[in-house]
Amino acid sequence: MNIIEAIENRRSIRTFKPDPIPDGILEKIIKTAGRSPSYTNTQPWEIAVVRGKTRDDLSRNLYNAASSDTPITPDIPKPSTWPEELDRRSKEHGERRFKVLGIERDDAVKRKDLRLQNFKFYGAPAVLFIFIDKGLSEWSVMDIGMFAQSIMITALEYGLGTCPQAVLTNYPRIVKRHLNIPESKRLALGISIGYPDNEALINSYRSARVEIEKFTSWY
Ligand SMILES: Cc1cc2nc3c(=O)[nH]c(=O)nc-3n(C[C@H](O)[C@H](O)[C@H](O)COP(=O)(O)O)c2cc1C
């Protein structure tokens, strides 16, 4: 797979096979992603690889918190509002995803259930949590984004799929308690990783993109 194919083919996977990832592969992916650029080569990312019993216990705890509507306390706050155009894209993404699954607009139960699947890591055998030190600025959050994309692109080389998940940062205290991470770290992102279940309907969903004219100016 060449670079352009990898970037164009990557998509968020929302149903994984339970098959474990053979030893050594995640290490190789993380090593490659460690070559990502960062502000003055600070490499601010810290990553926790979570599998097995820890994965299962953490999933159960996060699922329970989310399903009982425990108030969220993400270390990186979510915007309270989005600019109109971005809000429209976000809503359109949600609606198109529900449509693929045949979930009706007013079916609150199925919609909530779909959202809760996030906390089961969509069935992935492993989940990666990325942390950064609390004293760092937006520049380091930018570095995290590059690191995360490198992980997701490199994973494709090994036949693995990924889903970056902001909702996995909703309850940072639970995650840090399970992983023994100090409060001085901010939980920046969770990424579920595993072998995609290509039979799953949800994985047939291909997200839309705006035309480049919408976001490009030429001089
Ligand atoms: C920072 C970030 C947070 C995201 N959070 C979630 C999430 O919590 N749950 C989820 O299912 N997808 C999440 N996504 C995936 C986006 O919905 C997805 O990237 C977008 O719709 C484009 O689709 P694609 O990744 O298939 O190209 C997130 C993506 C990013 C980059």
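This is a short tour of one structure, moving from its strands to the ligand and then to a helix.

Before you start, note that the model is predicted: local features need pLDDT of at least 70, side-chain atom pairs count only at pLDDT 80 or more, and totals for chains, interfaces and linings use all residues. Residues are numbered from 1 along each chain as its sequence is written.

**Stop 1: the strands**

Select residues 185-194. Helices (H or I, at least four residues) and strands (E, at least two) are DSSP runs, numbered from the N terminus.

Two strands pair if DSSP finds at least two bridges between them. Pick Val127 and find its bridge partner, Ser192, in strand 4. Then pick Ile132, which stands opposite Arg186 in strand 4. Seven of the eight residues of strand 2 are buried, so the rest of the structure largely encloses this strand.

Strand 1 comes next. Six bridges link strand 1 to strand 2, and the two run antiparallel. Look for Ala48, whose bridge partner in strand 2 is Phe129.

Cys163 stands opposite Ser192 in strand 4.

**Stop 2: the ligand**

Keep strand 3 (residues 161-165) selected. Strand 3 gives the most to the shell around the ligand, with three residues. Show the surrounding residues, among them Arg11, His93, Asn118, Cys163 and Ser207. The shell has five nonpolar, five polar and two charged residues. Ala, Val, Leu, Ile, Met, Phe, Trp, Tyr, Cys and Pro count as nonpolar, Asp, Glu, Lys and Arg as charged, and the others, Gly among them, as polar.

**Stop 3: helix 3**

Select helix 3 and color its buried residues: Leu58, Ser59 and Leu62. Viewed down the axis of helix 3, the buried residues fall within an arc of 105 degrees, so they line one face. The arc is that of the directions from the helix axis to the C-beta atoms. Turn to the other side, where Lys53, Asp57 and Arg60 are exposed. Finish at Asp69, which follows helix 3 and has a positive phi, near 55 degrees.

Terms used. A residue is buried if 20 or more other C-beta atoms lie within 10 Å of its own, exposed if 12 or fewer, and partly exposed in between; C-beta atoms are placed from the backbone. A residue is near a molecule or strand if its C-beta atom, placed from the backbone, lies within 6 Å of it.
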